[in-house]
Amino acid sequence: MLEDLQRTFSKAFGWIFTVHSTGLRFFSVALLIAVIFLLMGFRLVGGLFLLVACFCAFFFRIPKITATFADDEIACPANGTILSIKTEDDPNSVVIRIFLSVFDVHVQRATISGKIGEIFYHKGLFLFANNPDAASKNERNLIQIYRKDSDRFAHVEQITGAIARRIECWVKPGQEVKTGDLIGLIRFGSQVAVYLPKDAVRVIVKEGQKVEGGNTILALWK
């Protein structure tokens, strides 16, 4: 009986122990404000800030991943829903766009094992992340990732949304990463794009599919 309760609690609230330090700061501030209002007798306002505190903790969670990937597999970098899979400006690349709602995990992970190339940050607007113009007009950060001793790549682009106002990049050019390693975070609703060499991969995900960072396989090397 006790073991069953422990398993149930772990499934329902285990994410509490995976909250990133960034989220803990937001959680602490919101919780402090909630306590102040509650002590002053403003229960409704205090209750709202308490909900905000819980949401901040939930939003910044980083689930542990246990998946392992074969050498020919390209991992999904983020949790969300596949928006589109198509060739865009570069005819030699296929772009997979993933929409992240405010309820999705918002950390990004390495798509392949290899080395970080250049990192390109662009200032921009804050359109809704599922807006077709968001990809080219919103604030974004492109992280190049190359396979070791190869010109094959699986770049990850972090794109802000209407609510998201901050991109965090946790890697540097020249740094070596393994598939599934944490590489960054976008605060609140956003979009993540993956750039792959068109003729070198076979994409196996579909538009509208729910995916998980560090668990779902996006494509296979040919």
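This is a predicted model: local features need pLDDT of at least 70, side-chain atom pairs count only at pLDDT 80 or more; totals for chains, interfaces and linings use all residues.
Visitor: Which helix gives the largest share of the nonpolar patch?

Guide: The patch lies on the surface and is formed by Leu 32, Ile 36, Met 40, Phe 42, Leu 44, Val 45, Leu 48 and Leu 51, which together have about 810 Å² of accessible area. The elements that give two or more residues to this patch are helix H2 (21-39) and helix H3 (43-59). The largest share, four residues, comes from H3.

Visitor: Is Leu 32 buried or exposed?

Guide: Leu 32 belongs to the nonpolar patch and lies in helix H2. Its relative accessible area is 53%, and a residue counts as exposed when this value is over 50%. Leu 32 is therefore exposed.

Visitor: Within what arc do the buried residues of H3 fall?

Guide: The buried residues of this helix are Gly 46, Ala 53, Cys 56, Ala 57 and Phe 59. When one looks down the axis of H3, these buried residues line one face of the helix, because they fall within an arc of 165°.

Visitor: Which exposed residues does H3 carry on the face turned away from its buried side?

Guide: H3 has 17 residues and reaches 24 Å from its first C-alpha to its last, close to the 24 Å expected at 1.5 Å a residue. On the face turned away from the buried side, the exposed residues are Arg 43, Leu 44 and Leu 51.

Visitor: How many disulfides does the structure hold?

Guide: Among the cysteines, Cys 76 is buried, with a relative accessible area of 0%, whereas Cys 169 is partly exposed, at 30%. A disulfide would need a pair of cysteine sulfur atoms within 2.5 Å, and the number of disulfides in the structure is zero.

Definitions and conventions: Residues are numbered from 1 along each chain as its sequence is written. Side-chain values use heavy atoms; hydrogens and water are left out. Patches are made of residues with over 30% relative accessible area and no salt bridge: like charges are joined within 9 Å, nonpolar side chains (Val, Leu, Ile, Met, Phe, Trp, Tyr) within 5 Å. Accessible areas come from the Shrake-Rupley method with a 1.4 Å probe; for residues, only the protein chains shown count as cover. A salt bridge is a side-chain nitrogen of Lys or Arg within 4 Å of a carboxyl oxygen of Asp or Glu. Buried means under 20% relative accessible area, exposed over 50%, partly exposed in between (1.4 Å probe, protein chains only). The expected span of a helix is 1.5 Å times one less than its number of residues. The arc is that of the directions from the helix axis to the C-beta atoms.
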